[in-house]
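User: I would like to learn how to read salt bridges and surface patches in a model. Can you take me through them one at a time?

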Amino acid sequence: MKAAVLIFPLILATLAQSSGNMPNVMNQLNIETIGKKLKDVIGADIKKNRELLQELLDLHQNETAQIYKYIDESIEKLSKETFLTMSEFKNNTEDNLHNMDNIMKQNLQNINAKVESNNQKILESIIGTNGSALSLTEEWM
């Protein structure tokens, strides 16, 4: 388009100079020649602009594809890490619950053993001989 703007004054100057002996013939030849040149220049500019637009479109499509690829890779990476973390957390929780269950069973068994031992000692001290409460009560009566 810039070439067309630069050529327009040239067209006017050429038309002004072509007023010879046969003005109609010269003007028509000059107008046809100038029209063809102008058409060629404008056609070349249009072709160049189309090529530039196509390059921009291709660049835009490539950039868009790269951005989507990066987004997909980022989501995939985060998803994997999140899944692994959740899986590890679940496994650790299950292991911890299993360990707590075992420890609680052991503690209950220890408590039951101590209770039974204490009950036995209480019974021996109440019922048994040699200064037990029952034997002292019997002696007192």
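**Salt bridges along a helix**

Analyst: Glu76 and Lys80 sit four residues apart in helix α2, so about one helical turn separates them. Helices here are DSSP runs (H or I, at least four residues), numbered from the N terminus. This is a predicted model: local features need pLDDT of at least 70, side-chain atom pairs count only at pLDDT 80 or more, and totals for chains, interfaces and linings use all residues. Residues are numbered from 1 along each chain as its sequence is written, and side-chain values use heavy atoms, without hydrogens and water.

User: How many salt bridges does the rule give?

Analyst: The rule asks for a side-chain nitrogen of Lys or Arg within 4 Å of a carboxyl oxygen of Asp or Glu. The count is three. Glu76 pairs with Lys80, with closest N and O atoms 3.7 Å apart. Lys90 pairs with Glu94 at 3.5 Å. Asp101 pairs with Lys105 at 3.6 Å.

User: Is Asp101 buried, exposed or partly exposed?

Analyst: Buried means under 20% relative accessible area, exposed over 50%, and partly exposed in between (1.4 Å probe, protein chains only). Asp101 is partly exposed at 36%.

User: Which residues make the nonpolar surface patch?

Analyst: Patch residues have over 30% relative accessible area and no salt bridge; like charges are joined within 9 Å, nonpolar side chains (Val, Leu, Ile, Met, Phe, Trp, Tyr) within 5 Å. Areas come from the Shrake-Rupley method with a 1.4 Å probe; for residues, only the protein chains shown count as cover. Here Ile67, Tyr68, Tyr70, Ile71 and Ile75 make a patch of about 560 Å². Tyr70 lies in helix α2 (residues 23-127). Tyr70 counts as exposed because its relative accessibility is 57%.

Notes. Helix = DSSP H or I, 4+ residues; strand = E, 2+ residues; numbered from the N terminus.
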